[in-house]
Protein chains: 2
Amino acid sequence: MQRIENINAATMNDDKGYGLIQNATVIISKGKIEFVGAAFDAPATPTAEVIDGNGGLLTPGLIDCHTHLVWAGSRANEFAQRLHGASYQQIAEQGGGIKSTVKATREASQETLLELALNRAEALMSQGVTSIEVKSGYGLDLENERKQLTVARQLAEQLPVNIRTTLLAAHAVPPEFSENGNNNADGYIDEIIRTILPTLTNEGLVDAVDAFCESIGFSPAQTEKMFKAAKELGLPIKLHAEQITNQHGAKLAAGYQALSADHLEQLDEEGVMAMAESGTVAVLLPGAFYFLRDTQKPPIELLRKHGVPMAIATDANPGSSPIHNLPLMLQMAATFFHMTPEECLRGVTRNAAKALGETKRGVIAKGCYADLALWQCQDAAELTYQFGVNPLKTLWFNGVAHDRVSKPWSAR
Amino acid sequence: MQRIENINAATMNDDKGYGLIQNATVIISKGKIEFVGAAFDAPATPTAEVIDGNGGLLTPGLIDCHTHLVWAGSRANEFAQRLHGASYQQIAEQGGGIKSTVKATREASQETLLELALNRAEALMSQGVTSIEVKSGYGLDLENERKQLTVARQLAEQLPVNIRTTLLAAHAVPPEFSENGNNNADGYIDEIIRTILPTLTNEGLVDAVDAFCESIGFSPAQTEKMFKAAKELGLPIKLHAEQITNQHGAKLAAGYQALSADHLEQLDEEGVMAMAESGTVAVLLPGAFYFLRDTQKPPIELLRKHGVPMAIATDANPGSSPIHNLPLMLQMAATFFHMTPEECLRGVTRNAAKALGETKRGVIAKGCYADLALWQCQDAAELTYQFGVNPLKTLWFNGVAHDRVSKPWSAR
């Protein structure tokens, strides 16, 4: 049993603000929150280990609810080529873009993929992240989608972090289904539904199903086939929707009670209303917005007006958001999308948990998992406002505390 | 004596590219570079400590050539207020903006300021930074400008990092000179020239002199008075120029052989040509551009056309760039300003050194200080392309190596 004292707690257990409790006490027992409240209300715990928070801020551990963390290869060279004037088409003709990541990921051993993904997950954890969603989608066949999702599961075995896997086989049409310039997307969707999805679900590798519904991805009809197959297997769905064009994917996803629709720059009010109706979370990805130099912002005002919960994630991926940093996403959501610091922090805690179907995470409340982050700051807005000096002091995963080392180097 | 082997070296000793040497060897002796070249050309060093670079990339240590690192207080609350709809004017009327930072910095003890600045400097160092420029400008009187610059000097005593100080007393008009709404900027400039500048120069606290030449800052005439006073004391000058309006400050600064003109969003070709003529470095600050939601980019094409060296810095400060992260500035310079990865890396090494008048830093070349960074990456473009996973392995300050700890936390 642990007793965290001398803290302010942003419980996030509040629809509007931080759910702030000044001078709070939090008691952890068997990996879960046993008590959270004002210090003067806290029960006696004579045998608990007492942790002095030094007046810091305790929040739920952060949740990165949209990542593509498992991949190999490097797109740095393409990035440089583009900055030297090459077009996307020239790069695609050289086998660049997502094709190059699929090739490198297929060629990489599971061990190599794991090592790469461990580095990325640990980077997120060092910023206060205790839960990460990990999508497949660079394998695009049974063997390689399995490899990606197996690595995702291994992350949870080798690190204390909580991992949720999402099958995103419908990320792009693989080379086997796009020979001679003929994109047989229907054939590939059938292959996913017939083989990849049921097999990997049966192997316990799939927590949710996602697709890339876009003019350059899969059509709404193809996406709906995926949704039906997922529902038959009892799996929750998510969707990459309305990033480049309005395919009305969010509305389609809402009709299947999607956990989330993600990106949403082109979302219209009808889609917003459908999401509000189904309780689907809007996952906003300011890193991709930034990196792609997008100018069309997601409809924040409409999402607020209709009460759609908004989450924020890194979208960490080599093509459109090579950014493994969740705190930066808070600052970018405020700066680019004009989201308030309260919305930003809710977006990586309470609402991010909801986007993953996690009912016992994302808030500091009795009975929830003790995934907690202690920050050396007084004002919760600091977490959105400043960037670069890491204020994280201690991180709890299921009640197990890890102190961040303040001087992370050693003289030789 | 140290011998770094099994590396690729981006020496930056090249006007165009990275000055890359594949399979290089670098020999360090007495804190300086003794040899840099292809491994097969390296002389024998039987007694040297051999460091295996594991195929990584060695670059000059990064240089952050424009920061306001020493300040107290928090502007997080103002940031939150603005996102909740308050105007800049409302915040200013409540004593917010730079006034609040000046007040908090004046009220803070030297010890408090040092502790805050140490955290910020260490954050930069953990990203590969070996030299930091630190400006005053939140004291705005003799005692408090001295306090800021003394803290800057203390950073260099307590950390291995190289610090260059810049007196920016002409940052804003202090309350003593702006009573009853009358901004007596001339009176304050006279006070700086008569007292603050000569006294602090005499105390060895001033390496360069800077001013904020702007419609809301100091006029070109006031700025020129500062330049003349600086030149009489033999001090090099820098200038905050052309950020919000075109005051032709860069041209003025170039006429005084300024080391750098900084910001430059509104710079015209005449100013660019004057900078080219005088060898003045253009210090670009993508963090402020981003945080202020600016849309007017600095004239990169003109700077390229006339061969003005471009540097990149954090501008770390509580008002317009609360960002203590130099690698992020590389990615932002590429993303917002379309600078190439070569330009970005040159901007935080060779050209940043030039912006500080450092003749023996910023490149890996014989006789230079052995300020070096070893990165776990193969392609130098990675340093600009990806963000969040820190590839830094080892950092040398004057030849003293510090290894970054890869797991920067400990279980309780």
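Here is a walk through the symmetry, the interface and the rings.

Analyst: Some ground rules come before the details. This is a predicted model, where local features need pLDDT of at least 70 and side-chain atom pairs count only at pLDDT 80 or more, while totals for chains, interfaces and linings use all residues. Residues are numbered from 1 along each chain as its sequence is written, chains are lettered from A and ligands numbered from 1 in the order in which they are written, and side-chain values use heavy atoms, leaving out hydrogens and water.

User: What rotation and shift superpose chain A on chain B?

Analyst: In general, two copies of a chain are related by a rotation about an axis and a shift along it. Here chain A goes onto chain B with a rotation of 180° and 0.0 Å of shift along the axis, at RMSD 0.0 Å (least squares on the C-alpha atoms of residues with pLDDT of at least 70 in both). The two copies are therefore related as by a two-fold rotation axis. Both copies use the same surface: 100% of the contact residues of chain A recur in chain B (contact means heavy atoms within 4.5 Å).

User: And how much area is buried between chain A and chain B?

Analyst: Interface size is often given as the accessible area lost when the parts come together. For chain A and chain B that is about 5200 Å², with carbon and sulfur atoms giving 61% (1.4 Å probe, summed over both parts). In contact are 58 residues of chain A and 58 residues of chain B. Salt bridges across this interface number zero (a side-chain nitrogen of Lys or Arg within 4 Å of a carboxyl oxygen of Asp or Glu).

User: Which residues form the aromatic cluster?

Analyst: A pair of aromatic rings is described by the distance of the centres and the angle of the planes. Rings of Phe, Tyr and Trp (its six-membered ring) pair if their centres lie within 6.5 Å; planes under 30 degrees apart are stacked, over 60 edge-to-face, the rest tilted. The count comes to 22 aromatic pairs over all chains. Phe289(A) and Phe336(A) make a tilted one, 5.5 Å centre to centre with 50° between the planes. Tyr290(A) and Phe336(B) are edge-to-face, at 5.4 Å and 70°. Tyr290(A) lies in helix H10 of chain A and Phe336(B) in helix H12 of chain B, so this pair joins two chains (helices are DSSP runs of H or I, at least four residues, numbered from the N terminus). The cluster consists of Phe289(A), Tyr290(A), Phe336(A), Phe337(A), Phe289(B), Tyr290(B), Phe336(B) and Phe337(B).

Terms used:
Buried area is the accessible area (1.4 Å probe) that two parts lose on being put together, summed over both.
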